[in-house]
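Please examine the structure shown below. The paragraphs that follow consider a few of its residues and one of its helices in turn.

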Amino acid sequence: MALKRSRGEKIFNVINIIGFGLFSIVLLVPMIYILRQSLDVGVGKAALTLWPDKASLVYYKMVLTDKGVYGPLWNTVVITVLGTVGGLLVNALGAYTLSRKDYAPNRFFVYYLVIVPMLFSGGTIPTFLLMKEMNLLNTLAVCIIPGLASGWNMVLIRNYYNSIPQSLTEAATIDGASEFYIFGKIILPLSKPVLAAIALFTGVGCWNIFTPAIMYNSDPTKITFAVKLREMIAVQEDMSRQFEQMMHSLGMNSANSNLTTEGLSAAMMIVSIIPIILVYPFLQKHFAAGIMAGSVKG
């Protein structure tokens, strides 16, 4: 028999639903507006409506026919794949070291190699000089290598490792299993929830990477999709020239058209979030379990 909820619980649930409903509206309305703007070709200027006056995919055709988009898009895909896989490997191995209570230097690693870097950094100038000395400037590696190790991710994964019964690793050790065998065959298969959550965090961060790409790269062939999107939105003069070139490539006359640069920028924004939307459903079932276990267990 279902438990009867008290009056206070019912009031709390109603307030909770209303609050999250309003919060969802606040998040969804800007996204719907951008989607409307990317589809609307019937209004020559911005209109505060959520439904297109005349829907068309012409802005998306302009994005797909612009060869200047494919280079930054490919760079971002490479950074995202290598950064996510490398970040998972580095943080999972580091977290395994931190979780081993029988490892003598554990306290040193936790406090001086994980906690301190989370709180303090060398600053912009020393970091730039470090990237220069490592010959990472004007390379895609400058957007990958510095972000591989994350103290926050290591702590989350370490806490999840601590929730795994220690008897499993002890039994494997007695049977003569090596540390790499224990890590690869026992720890990793049992850590899919937290690794899926970390993969999502890392992947989104790599996909949207902007500051390192614009700060350490002066080579236009090494820019990322986020930098390209910023150029299309912020650099209005170049954007207008590029916009006219895109329209001419589609056989359209810019003088007799309601198309705007804002609509093209909106289409670019929608294209930039499509990969995340496609990947999230596959990781969502592990997301909550991984974060909760990694934050509660000590």
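In this predicted model, a polar atom of the Asn75 side chain lies 2.9 Å from the backbone oxygen of Thr221. Asn75 itself belongs to helix α3, which covers residues 67-99. Beyond its neighbours within four places in sequence, Asn75 is in contact with Leu140, Thr221, Lys222 and Ile223.

Attention may now turn to helix α9, which comprises residues 192-207. With 16 residues at 1.5 Å a residue, α9 should span 22 Å, and the distance between its end C-alpha atoms is 22 Å, which agrees with that expectation. The helix is mostly covered, since twelve of its 16 residues are buried. Among them are Pro193, Val194, Leu195, Ala196 and Ala197, as well as Cys206 and Trp207.

The loop between α5 (124-133) and α6 (151-162) contains Asn135, and Asn138 is placed in the loop between α5 and α6 as well. Asn135 is not a glycine, yet its phi is positive, near 60°. Asn138, also a residue other than glycine, has a positive phi of about 60°. How exposed is Asn135? Its relative accessible area is 64%, and therefore Asn135 is exposed, the threshold being over 50%. Asn138 has a relative accessibility of 30% and so counts as partly exposed.

Definitions and conventions:
Residues numbered from 1 in each chain as written. Predicted model: local features only at pLDDT ≥ 70, side-chain atom pairs only at ≥ 80, totals over all residues. Heavy atoms only, no water. Helix = DSSP H or I, 4+ residues; strand = E, 2+ residues; numbered from the N terminus. Polar contact = N/O pair within 3.5 Å; in protein donor to acceptor, adjacent residues only side chain to side chain. Contact = heavy atoms within 4.5 Å. Expected span 1.5 Å × (residues − 1). Buried < 20%, exposed > 50% of the residue type's maximum accessible area, 1.4 Å probe, protein only.
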